[in-house]
Amino acid sequence: MSDEPIMRVGGDLSGTVVVGDHNVVITHHGTHVSANDGDPPAPRRRPKPGGTALPRGVAPLGRDADLARLDEWIAAGEPVQVHGERGIGKSAVLRAVAARHAAAGEDVVFLSAAGLVVEDIVQELFQACYEVPAYRPDEDRLQRLMGRIQALFVVDDFMGDEDDLRSLVAAVPAGDLVVASERRTMFTQGRALTLAGLTEEPAMELAVRELGHDPDEAEDAALRALVRATGGHPAAVVQAAAAARAHGPEVIAPDAETAVLAEALATGLDAGSRTALTMLCALEGVQVTADMAETLTGDPSVREGLERLAGVHLAESGYMLAGRTAAAVATAAELAPDAGRYAAALAAWARTASARQTGQAAPVVV
């Protein structure tokens with residue numbers, strides 16, 4: 001029997017893969033991998049970082065203050081995470097950051113990390129900086145090699161957790177890092193920017209751009225109402241303006257109760273609004289105070305969510321659904337209303353509530 005180390009792997013594989021300091025050759029026999037203890041490859045540093053071509057850097061509307069803050073943090077050497085819900089404009093902001101710094105003469109590596117685990121992200125960044133075929137350095141060598149690279153690394157659609165983000169920061173010790181994620185995972189080692197919806201005027205400018213012409217009075221009123229209802233959520237604004245262009249302003253009027261309006265409003269739901277709408281749909285026909293909403297959901301953001309929701313009105317004794325719009329939005333947003341999910345929180349509240357408080361909450365209890 002040969003002294004050569006043999007491993008068995010599944011699948012139909014062939015070619016050469018280099019991992020760490022060992023050259024692993026996958027033969028055409030399909031399942032035998034021969035490990036060669038020779039010297040590892042010598043990566044050659046690229047004159048300029050390669051990888052994904054830099055995206056066009058059109059300055060996003062209404063983001064001047066956000067971009068200025070990001071530039072300030074990057075200049076201070078802070079790793080940065082831009083986070084916010086889907087469609088809020090994170091990619092537009094990251095493209096603008098990459099373009100601004102590239103225009104200033106900096107080396108910039110831009111990567112869309114959707115679907116990639118952190119190890120693959122690190123490998124992509126390494127290969128953007130070094131020319132070497134099919135080589136994955138071990139952690140120590142990666143640190144030494146990447147410690148020579150002073151560049152801005154911009155990673156969009158990062159899906160990892162806090163530990164993954166920590167690994168990514170460690171992988172670019174001499175560079176600056178900006179990542180975009182739906183949820184915040186950076187708490188102790190850098191700066192995090194929460195991307196919110198646009199204020200009314202930039203949102204209207206975006207709507208008019210998508211509409212393709214100056215709005216008439218009806219279109220302007222409908223678009224402004226929707227901008228307010230969605231909190232200036234860019235994706236919702238674009239979606240609604242496209243619908244108005246195709247079908248007329250009546251499809252997005254506040255009282256339209258159309259599938260188009262429901263889809264646009266669902267797109268614009270932030271976390272607090274989703275929580276509030278799920279609860280109100282589960283308790284349909286019942287008025288719920290802001291205090292009780294927070295008690296049931298355990299989420300302080302539900303108060304602001306109630307204020308922002310279209311199709312919800314404040315009655316004498318609390319918030320409740322108005323008309324069919326909110327229910328249609330809940331369907332479009334694929335919410336899962338279930339009154340039973342609030343039973344434990346209500347029972348805990350009832351143990352300390354006064355008789356008067358319990359009586360006032362009778363519709364919710366029932």
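The model is predicted, so local features need pLDDT of at least 70 and side-chain atom pairs count only at pLDDT 80 or more, while totals for chains, interfaces and linings use all residues. Residues are numbered from 1 along each chain as its sequence is written, and side-chain values use heavy atoms, with hydrogens and water left out.

**The whole protein**

Let's start with the big picture. The protein has 16 helices and 14 strands; these are DSSP runs numbered from the N terminus, with helices (H or I) of at least four residues and strands (E) of at least two. Of its 366 residues, 42% count as buried, meaning under 20% relative accessible area with a 1.4 Å probe, protein chains only (over 50% is exposed, and in between is partly exposed). The accessible surface comes to about 18800 Å², and carbon and sulfur atoms hold 50% of that; the areas come from the Shrake-Rupley method with a 1.4 Å probe. Take the contacts (heavy atoms within 4.5 Å) between residues at least 6 apart in sequence: 69% of them join residues at least 24 apart.

| Residue | Element | Relative accessible area |
|---|---|---|
| Leu168 | helix H5 (residues 162-171) | 0% |
| Ser181 | strand S11 (residues 176-181) | 4% |

Leaving out residues up to four places away in sequence, Leu168 touches Val118, Ile121, Val122, Leu125, Val155, Phe158, Leu177 and Val179. Val118 sits 50 residues from Leu168 in sequence, yet their C-alpha atoms are 6.9 Å apart in space.

**A pair of helices**

Two packed helices are described by the angle and the distance between their axes. For H6 (residues 200-211) and H8 (residues 234-247), the axes come within 8 Å and cross at roughly 35°. Each axis is a line fitted to C-alpha atoms over the stretch in contact, and angles run from 0 to 180 degrees between N-to-C directions.

On the H6 side, Ala203, Leu206, Ala207, Glu210 and Leu211 meet Pro234, Val237, Val238, Ala241, Ala242, Ala244 and Arg245 of H8. These residues divide into 10 nonpolar, no polar and two charged; Ala, Val, Leu, Ile, Met, Phe, Trp, Tyr, Cys and Pro count as nonpolar, Asp, Glu, Lys and Arg as charged, and the others, Gly among them, as polar.
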